[in-house]
Structures are given as structure tokens and as C-alpha cells.
Amino acid sequence: MTHAYLYDHVRTPRGKGKKDGSLHQATPVWLLRTLLKALQARHDLDTSLVDDVVLGCVTPIGEQGADIARTAVLDADWAQTVAGVTQSRFCASGLESVNLAAAKVASGFEDLVVAGGVESMSRWTMGSDGGAWFMDPRINQKLGFVPQGVGADLIATMEGWSRSDVDAFALRSHQRAAAAREDGRFVRSIVPVHDIAGLPMLAVDETIRPNASLEAMAQLAPSFAQMGAMGFDATALRKYTTVERIEHVHHAGNSSGIVDGAALMLVGTKEAGARSGLRPRARVRAAAVIGSEPTIMLTGPTPACRKALAKAGMQPRDVDLWEINEAFAVVPMKTARDLGIDLDRVNVNGGAIAMGHPLGATGCVILGTLLDELERRDLATGAATLCVGGGMGIATIIERV
Amino acid sequence: MSTPAVTLTLESDGILVAAMDLPGRPMNVVGDALMEGIDAAVRRLSEPDVKGLILSSAKADFCAGGDLDRMSKWTTPQEPFEASMAMKSVLRRLEKTGKPVVAAINGHALGGGLEIALACHARIAIDDPRLKLGQPEVKLGLLPGGGGTARLSRLVGIQQALQICAEGNDIPVAKALGMGLLADTAKDRADLMAKARAWIEANPKAAQPWDLPKFRFPGGDSRSPAVVQMWTIAPSIASAKSQGNYPAVQHIMSAIFEGGLVDFDNACVIESRYFAACVMSPESRNMIHTLWYQLNAIKKGASRPQGVAASTVRRLGILGAGMMGAGIAYAAAKVGIVVVLLDTTMEAAERGKAYSQGLLDKAVKRGRSTADKRDALLARITPTTDYSLLAGCDLVIEAVFEDREIKADVTRKAEAVIGAGAVFASNTSTLPITGLARASQRPANFLGLHFFSPVDKMPLVEIIVGQQTSPETLARGFDFVLQIGKTPIVVNDSRGFYTSRVFATYVMEGLTMLQEGVHPRHIEAAGLQAGMPMPPLALQDEVSLSLSLHVAEQTRKDMAVEGKTFAEHPGLAVIRRMCEIGRIGKKAGKGFYDWGEGGRSLWPGLAGMFPAAPQQPDQRELIDRLMFVQANEAARCLQEGVLRSVADGNIGSIFGWGFAPFQGGALQFIDAMGAKAFVARARELAARHGERFEPAAKVVAQAEEGGRFGL
């Protein structure tokens, strides 16, 4: 089988996903155009050699709708022969794009593919595209829909993690992200965003709080207690019948931030890379997706990782660094506990709690961060994994070459 | 030609008055006859000499709902689908002639009745607090199939429509006016007709809002963000109550949700599809079978001895003014019965009366009653310690402590005063009536009237027939139960009678599970998911562990006297262990749960006392155990003659201890799954969990020879 190689990664900084966020005034197409142009410029890429652009976008409506991948290709003045596809695997979309691109390349169907994703969460509210999953009462009932935060709180309850346990994890995310930014570890991949007149909009991740403290976090009210009491807790507990009540420990400070951002990864065969004068940085060893129990929703990473590890003939200990998306503090905590991984090897430069989770892009972002850090530390193998809406998990294992 | 169901009169002002008056029925019900009558009215309305239509009723009600007799004959989904579409086709024409149509609502407009009114351009109702408006179909596992979901969501908004249809509660006239369901109210029939005429004169051309080009759903359609948000949580809110056991609730949500995405006519067809699904559901069939047919049969006196003249109680004596006595006093005084409430001290008797005062004060405060009515009711209750006041009582009910000596004593004292023809009843829940009747001079006049707590809320009274109870006494007891607005079931005398005996099997099964290492919350979740109103451990706490232990020990002694051995239930050991450490139930604030101000939470010490097994059984297994053990015991009750009818068994189980209504009662549970399937599963459970699951011989015979409990 042909191997799929990772050639480069670029991303925008992540901007606060509210109307006072620095990327709120940028359109999602503009974020993609910025990255596509940067990618082209960095390698003096002949874009006509690119077969396809595969992008994740979880709320593909409005100006984010109608296959934004193809729109962005044309707006970035890439060759018109470059196709574009937009897909959604919810929070895993960004990593799904990379895996799909790798599969296209490995199968021999295509040679050079751009993968990634975008989400302007400040402009297009999460969930505003609807979906039978939650708005169709028949499906909602059948699947036992509850908001993810209720599932996160249920995991904390079942694992015995208190509010201070999850807050401590969140604090760590901010401290590590702040240190990494300070140390310039994100500079290689970040493409600053400028407006149409060339004025700078944002150059660094906007939501990191270097001064975050447990005391300040302790002031935040739990986000899902009220919703839980309205009936969602009862729905969850109809499936988790040995839990008496859900302790609501997650809040805005220990859950992933709502942000705007985009990311891309250039994926191709060895030959295609050579043709474009590119040097491969890593190859995809294995990837997997899996379905998990949909009500608790966030327990997919462990089985997805196990599945990918088995494909690669590896054990968790064989992986040098892990990126486990910080959708909620309990997700990396539980995944690490399940897999027996030391937290010292997990999200070493912080995660979505500090820097935010632009839904369609995050998977690509964390894989890129992982790649940069493997190189910086000169380590060989890394794994990225995310929990996914509807009860799914995704994992990708990469290896430097 | 038969008499038409709708009488048409063209008045001199050009207004056509259509009076619904279904021949041969006490109430107007929706069926072919009524719809043909309305169809004729529409045709007449279309003629040029008619300028508008008042749809009214010649009966006391406007229209009480669908004809369930017709529905119960449907065997294929095509029949309900087509019937519902046919009804809507008439109603659609009614609202689309361009001429004004007013519903003059003189009495109840329920179910299909309200749907007919909704197809009128305006609704005016008599302002009477007893007048009922609503879509109660859900209570029989159905949904409004006559355009109710489609019209209500377009008239009062999706959220309110959902509430009306999914909860099925009556809408008071004032509230209906406030939400725009009614255009106006009237003080009497004459005023009603005058206002209806005035509306027609004022609106010579009329169309429904949903037929206007610029129509918008009030509050938004199913696409609008606020409504989407509502749909996101509505199923969780509904299931928190229904546990997902009622498909009608889900179908109502779906019909309104999907109807909120399409135009009116498509919404009507979608509604009919879900209606047909409801009609064909076993849950609806079970509920109609029991809560309609069997309940009606009971109320019509199916278990009452025939040939005994109807009786009423005018003066009631109650011995013991504790919680039960006080509750019975309230229920009786409420229907105009004069009550003598007797206890050993005046203070205790007064306290019993104060219970009524408390309930009534609350009702007055909430506007459900008036100070005058309260005072009149209270004046009918005389608290006393003097037995001589019992003179002239038609009925005396003793509700004293469950102790044979005390009961015998009050029986003798009361009988010394009351007339030879008076009936004496014991409100015992555990002691056999025949034994208690030994203290009576007139055992033929003695029976059991087992009330449930709290009396003012619980709808059932279990009438216990002792060996010597006469048919006349039974009939009088039966009449009294109906007189106070409760539902009587009649059972023969036996330990625990019917309700206490079967109810106990549910709780004891839960306790047995705990003993076996099933996680307590796993047990409780199974109870709720089975459709029971309360989970077993919480119920045992409510009942009190010490009381259950006392009853069990009493039974052991009694049986020893009778020369029988008491077969101890494995769950009893759990009660004993808990009582030993003083965790005796809710009254003490501690049992299986810690009971506090903020509600109950499982006592953490349970984990040490009854360690949960690492491998927990499937919920299905637990649910089956909890339900099969009850159904099987109910079948044994029928087999042993404790139960005298299937209807009493089903209604008694639902009204008495809340047996999952969607199953149609403890015996219908067996009928619905079929005796064969029941026997097979019961035998599996017996092999694993003990002989109590060994299926009743009567059901085994049904499985082998065919047959069912039926009506």
C-alpha cells in the first residue's frame, strides 16, 4: 500500500468566538483563503498538482455553507482544477479530513490533497444548522439526546472526579499553552490573519489565560446543572442506572472554548511530494473511527485509540506524545486513565480548554501541534484523538520520517 | 330515513344553526353519523341564502370526543388513517367555504369535540368552571387525529399545542380565552347564541389564519431557533415522567414537530399517520381496554349485586380520626354527607377535622373553592368522643389502629348505638374481615372498605366481602364508594386481600434484589422504567420497614394458630437487618434512603451492608421480575377467588398501587403478551429466582388450551 505523508501544517490563530473576538470580523472563507495562500507561498506550490481540498465544517450554513472548500479554493486563486469537499464528523471533522486525504492518497485514487477545516463559531452558532439528532423528537428520544456537558459531568461522577480535579486539569491547560506560546512553539504553524486592507487582525491564540487560577475558576457556576435538572439528567440516568445523581462540575473554564479558526494539512504520496519539491515530515501509521454510547457521547476516544493502535500493531506505551482534545476536562483525563497514559505525555502544549475548539478545524490543529512538538523534542510517534458528537471517537497515529 | 345527528335550522337572519344531537346516545361522540350531519351543514352553508353557520349542541355537552366503540373494532392501520382523514376532509370544507362559522360551546368540548370546534372560525364558550375543554386522547394512548395537532399549533403556538396534547389536561375557560383558543365567553345559552350571531354579522367573510397567504406560526414554526431549542429538551422532559413507555406522547411530539415544517394539509396527513400508529399500539389497546371499558363496567355496577335497591349514605360515622379517618371524613363531607368523626379524645377528633380545614384553606387560597363552600363542608363534620352521636348513621367506618382487640371494642360500642339496618365497615388493610366480623352482632352487615392514603387523592376503594357479608351490605358499600366519587373493586376475604397482597410482591422483589447484590439505584431505575410510579426501595421506606416487619410477624403468628407454616419471603431478611440498625423508613428520616428537606438520597451505608455484585444483571431481567411477580400474584388471586372479576384486578392494580397504566393492569399484562409467552418467561424466572415465579395454574391452562382473561 502507498503511504500517506504529511508535508506541512498551517493554521490561523484561534480568536475568541464572540462578537468582541478578533476574528469575528473575518469571514470563514477569508480564514481559509489566508491559509491556502500561505501554504502555496511557503512551498511555491503549483496548485494544479493538488487533486482535492477536504475540509471539515460542523455548521455548514450561511456563508459557511454550500461546500465552502470549493469556494475557498476559487477565492484563493488556486488552479480551478482543484476540487473541494466539505464534510462533517462533528468535532472530529478536522482530523477526519486528514484521514480521508490519507486514505485517498494511500488508495492511489489521488496524489496530493489538502485537508483541514474551518469554523467561525462567532458568526454561525453551534447547532444552528439543526439536525434530526436533537430537533426531531422521535430521534432525540430514541437516541437519548443530552447536551455533551451533561455527559461530561456524568463521566466525572462515575470516575469520581470532583470539581477541583477537573479545575486543576483546566489550569494546567492554560499554563502549558501560555508557556508554549511564550516559547514560540506555535509560530511555525500559525499564519497571522490580516484584513482585506492588509491590516493585522490576530497573530496569536487569543483565549489563553496565563494568569488563570483555581481561585478564579472556583467562582464559575456549573454550566449544565440547570439543563440537567430540566430533564436531561434523568435521560442520562435512564441509561446509567447505577448512578443516583450527576454532579455538575463542568463550566466555561474547564470546557473547550468557543473560538473562530481554520487549519490545513498538506497530504500526499512520496512521489507527489517529490514532484512539488516537498520534504515529508511524517507519515500516517494508522487511523480509526468508532461509534460509542451516544448519550454520554464522550467516551469514544479510548476505543478509537485502541482500534488504531491495533491496526498499527502498537501499545499505548509505544506512543511518545498524545493530543487528546479537551472538549471537556474529563475527556483527556478519562482517555488517559483508560489507556494508562501518563498525563505528562498528553497535551503538552495545552489544549482546547485554553485555546478553544473551532469545531471543523480542531482535529487538524491538534495533529499539527503534535507534529511540531514531535519535531521539537525529536520524538518519533504521536497520536491525536477526539471525542465526537453522537457518540463517536477518532484517532490518528503518525510517525516522523 | 334515520334521525340526522345534526339538526339544521335556517333562521330568518340567514344564519344557519346546526345543533349536534346524536340519536340514541347521551353525549355527542365523533363518528360517521355526526360527521355526516356536519357535512350536511357544510353543504347547506354553501348555498347562497345562508350567510353563516353556528355549530351548537342540543345536548348538555358540546361533543365529548371520539367513539371508542368504533375505534376498538379497527384491526388495520388503514382504518384509523382513513377515518381520521375522512373527518378532516369534512372539517376542512367547513372552514373553507369563505362564510363565517362559529362554535357555540355550551358544555364539554373534548377530544374530537374540541377538534370540531377548532375547525370553526371562532369559538365562544359558556363561562362555566365545570366546562371542560381539552385534548385528553393521550390518556388512552391516542393523539388528536381530527386536525387537533395541526390546528392547535397554528392557533396557540407549537409549545402550547404540545402541552395541551401531550399532557391531556382540561383547559379552564378563562385560560382558553387568554391563549386565544376562545374568541369570547358567554353567561348562558341565550347569550352564547347572541354572541355567535354577532360574530357572524361582524365577520361576513372568514378564513382560518393558516389559509391566509402571510400566515406565521405564533411563536415560530419548527424551524425557528426558539422552537428548535424547545424540541431539544421536550423529549427529555416528557420521558422524565413517562420513562418513554407511552408511544402516544412521542407520536404527539412528532406530529406537531413535523407538522410545524410543512403546510396545513400535509400536517393533517402526517397527523393521521401518527394517529394510526397510536391506534395500533398495544399501549393504547391496553389502556382503552382497562381504563375505558373495564372502568366503565365497574362504574355501571358490574361487581354490585343485582336486585338490591340503590342506596345513599346521609349520615356517616367514622371511628378513629387519624390520617385515614380524617381523609374519609373529608371525602364524605365533600359530597354532602353528614359526618360524625369520633376518637378517644376531643383533641384527636378535632385534629381529624382540622385535616379538612387544611385541605380547604389551600383550595380557597388557590381559587379552587370559596370560603362559603369551605365553611359549609366543615359544618358537616362533627368531631366527638361520644358514641351516642352515631345514632342514625347509615354507615359506620372504623379506621382505628390495626389491632383486633381495639377494633372489636369499637365495633361493639358502635353497634350498641346504631340501628339494626346500619352497615359497619372496617378500613383495615391487613386483617381478614371474617375474623373482625366475629366481634359484630350483625356480621351480615359487616364488610371491609379499604381506603388508600391519602384518601383525598387516591381514587380506589377495595371492598372486602367477609364470609357472612350479605349481598345487600355489599351493594350498600358499593353505592357509598360511588357516592363519594371513588372507584370500587370487590374482593373476597383473604390475607392482604388483593391490593396489599400483590403490591407487596413488587416491593419484596426489589428487596430480594438488594439482598442478591443488585445495585440499589439499578433496582430503583428498573422499577421506574417498568412504569411504576415509585421504585421499590423508596416505597418500602414510605410504607415503613417496621410496619412491614410487624405485619409479617403478625401473619406468622396467625398462621401458626391456623396450623399453617409461614413461608418467609427472601426479601424479609433485608427488612429485618435494616430494622435492627434502626433504619425503619421515611417516618424516622432514614431507611434505604436518607430523607431530608431536599428530598431523598440513597443511604451510602447500603453499599457496605448489601455490597453490589461486580456483574450487574440486565435491566430487562429486573423489570421482568418486578412485573411478572405482580402479574402472577394477581392471576393467583383470580384463581383462588380472592378476585371476583378481571376488571377489578386490572383497575385495582392501576388505581390502587399504580401498576404501569400502559400495561392495562396486572392481568392485562398477561393477556397483552399472551399466556404462552408469559408462562415461558415466568418459568425461566422461576428457574433462576424461585418458585414465586412459577406461573399460576390458570395461566398455564390458558397457555395450553388457549384462552385469556379478557373483559
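How do the axes of helix H9 (residues 225-242) of chain B and helix H10 (residues 247-259) of chain B cross? Before I come to that, a word on conventions. This is a predicted model, in which local features need pLDDT of at least 70 and side-chain atom pairs count only at pLDDT 80 or more, while totals for chains, interfaces and linings use all residues. Residues are numbered from 1 along each chain as its sequence is written, and chains are lettered from A and ligands numbered from 1 in the order in which they are written.

Now to the two helices. The axes of H9(B) and H10(B) come within 10 Å and cross at roughly 165°, where helices (H or I, at least four residues) and strands (E, at least two) are DSSP runs numbered from the N terminus, and where axes are lines fitted to C-alpha atoms, for helices over the stretch in contact, with angles running from 0 to 180 degrees between N-to-C directions. H9(B) and H10(B) are therefore roughly antiparallel to each other, a label used for angles over 145 degrees, with under 35 counting as roughly parallel, 65 to 115 as roughly perpendicular and the rest as oblique. On the H9(B) side the contact is made by B:Trp231, B:Ala234, B:Pro235, B:Ala238 and B:Ser242, and on the H10(B) side by B:Val249, B:Met253 and B:Phe257; two residues are in contact if their C-beta atoms, placed from the backbone, lie within 7 Å. By class, that contact has seven nonpolar residues, one polar and no charged, taking Ala, Val, Leu, Ile, Met, Phe, Trp, Tyr, Cys and Pro as nonpolar, Asp, Glu, Lys and Arg as charged, and the others, Gly among them, as polar.

Turning to the sheets of chain B, one is an open sheet of six strands in the order S1-S2-S4-S6-S8-S10, with mixed pairing, where two strands pair if DSSP finds at least two bridges between them. Its edge strands are S1 (6-10) and S10 (184-186), each pairing on one side only, and the twist averages 20° from one strand to the next. Within this sheet, S6 (residues 101-105) and S8 (residues 122-126) of chain B pair in the parallel sense over four bridges, with B:Arg123 as the bridge partner of B:Ala103. Helix H1 (residues 32-45) of chain B lies across S1, S2 (15-20) and S4 (52-57), running at about 20° to S1(B).

The other open sheet has eight strands of chain B, ordered S13-S12-S11-S14-S15-S16-S17-S18, again with mixed pairing. Here the edge strands are S13 (381-384) and S18 (487-492), and the twist averages 25° from one strand to the next. Five bridges join S11 (residues 315-319) to S12 (residues 338-342) of chain B, which run parallel, and B:Leu319 has B:Leu342 as its bridge partner.
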